[in-house]
Amino acid sequence: MSTLKEYRRKRDFKITKEPRGARAARTRAAAATGIFVVQEHHARRLHWDFRLEAEGVLKSWAVTKEPSPSLGVRRLAIETEDHPLDYAQFEGEIPKNAYGAGRVTIWDHGNYEAIKPVARSMENGLVEVFLKGRKLKGRFVLVRTRGEGAKAQWLFFKAKPKIARLKIPEI
Ligand code: MN
């Protein structure tokens, strides 16, 4: 289930300019397309927040090193709380003393396509998306390696495209 409760609980919107997110936007639960964004976040520890639109929110992971556009270069990604859709446009300075204090810039953004809806494949611990960004292009995979829900550990990397098996007609 998607909820912004955790997102709001962590933040004081009198201090931060991050969007409050009026409510989870209505999108088809079964939709397997949407936007993605990667935000470079100069928090206490520099990381890259990878977010995928699903079920009216942005499903989110904190990636500990800069995501790689090259095949098979694995990055540790820690699952974090759902963010509101309009967070995808957020750039700016989260003030000192606020949650996640530090500068946020958009590192990459674009659309994605998937075969299965992202929220459902997250439950199964394997998310496959085709990213159409400026830096990240092609088939990317998230594989859950430890834990479940918030703080679960995943690996994020570019993977070879699947080649459809050719149907060779019998002669
Ligand atoms: Mn972050």
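View 1. Thr33 lies in strand 1, which covers residues 33-42; helices (H or I, at least four residues) and strands (E, at least two) are DSSP runs, numbered from the N terminus. This is a predicted model, in which local features need pLDDT of at least 70 and side-chain atom pairs count only at pLDDT 80 or more, while totals for chains, interfaces and linings use all residues. Residues are numbered from 1 along each chain as its sequence is written, and side-chain values use heavy atoms, with hydrogens and water left out. Thr33 is partly exposed because its relative accessibility is 48%; buried means under 20% relative accessible area, exposed over 50%, and partly exposed in between (1.4 Å probe, protein chains only). Not counting residues up to four places away in sequence, Thr33 touches Tyr112 and Glu113, where contact means heavy atoms within 4.5 Å. The C-alpha atoms of Thr33 and Ile115 are 8.6 Å apart, although 82 residues separate the two along the chain.

View 2. His41 (ND1), His47 (NE2) and Asp49 (OD) are the protein donors, at 2.1 to 2.3 Å from the manganese ion. Donors are N, O and S atoms within 2.8 Å of the metal (3.2 Å for Na, K and Ca); water is not among the atoms, so sites may look incomplete. Along the sequence, the donor residues follow the spacing H-x5-H-x1-D. His47 has 15% relative accessibility and so counts as buried. Asp49 is also buried, because its relative accessibility is 6%. The side chain of Asp49 meets that of Arg51 in a salt bridge of 3.5 Å, N to O; a salt bridge is a side-chain nitrogen of Lys or Arg within 4 Å of a carboxyl oxygen of Asp or Glu. Arg51 and Asp49 are both buried.

**View 3. Arg11 and its partners.** Arg11 sits in the loop between helix 1 (5-10) and strand 1. Its relative accessible area is 10%, so Arg11 is buried. Its contacts, not counting residues up to four places away in sequence, are Thr16, Glu18, Glu81, His83 and Tyr99. With Glu18, Arg11 forms a side-chain salt bridge (3.2 Å, N to O), and Glu18 is buried as well. The side chain of Arg11 also makes a polar contact of 3.3 Å with the side chain of His83. A polar contact is a pair of N or O atoms within 3.5 Å; within protein, one must be able to donate a hydrogen and the other to accept it, and residues adjacent in sequence count only if both atoms are side-chain atoms.

View 4. The side chains of Glu128 and Arg139 meet at 2.5 Å, N to O, in a salt bridge. This pair links distant parts of the chain, with Glu128 in strand 7 (residues 126-132) and Arg139 in strand 8 (residues 137-146), 11 residues apart. Glu128 is partly exposed because its relative accessibility is 26%, whereas Arg139, at 17%, is buried.

**View 5. The largest nonpolar core.** This core has 24 residues, of which Phe50, Leu52, Val129 and Leu131 touch the most other members. A nonpolar core is a set of buried Ala, Val, Leu, Ile, Met, Phe, Trp, Tyr and Cys residues joined through side-chain atoms within 4.5 Å. Strand 2 gives the most to the core, with four residues.
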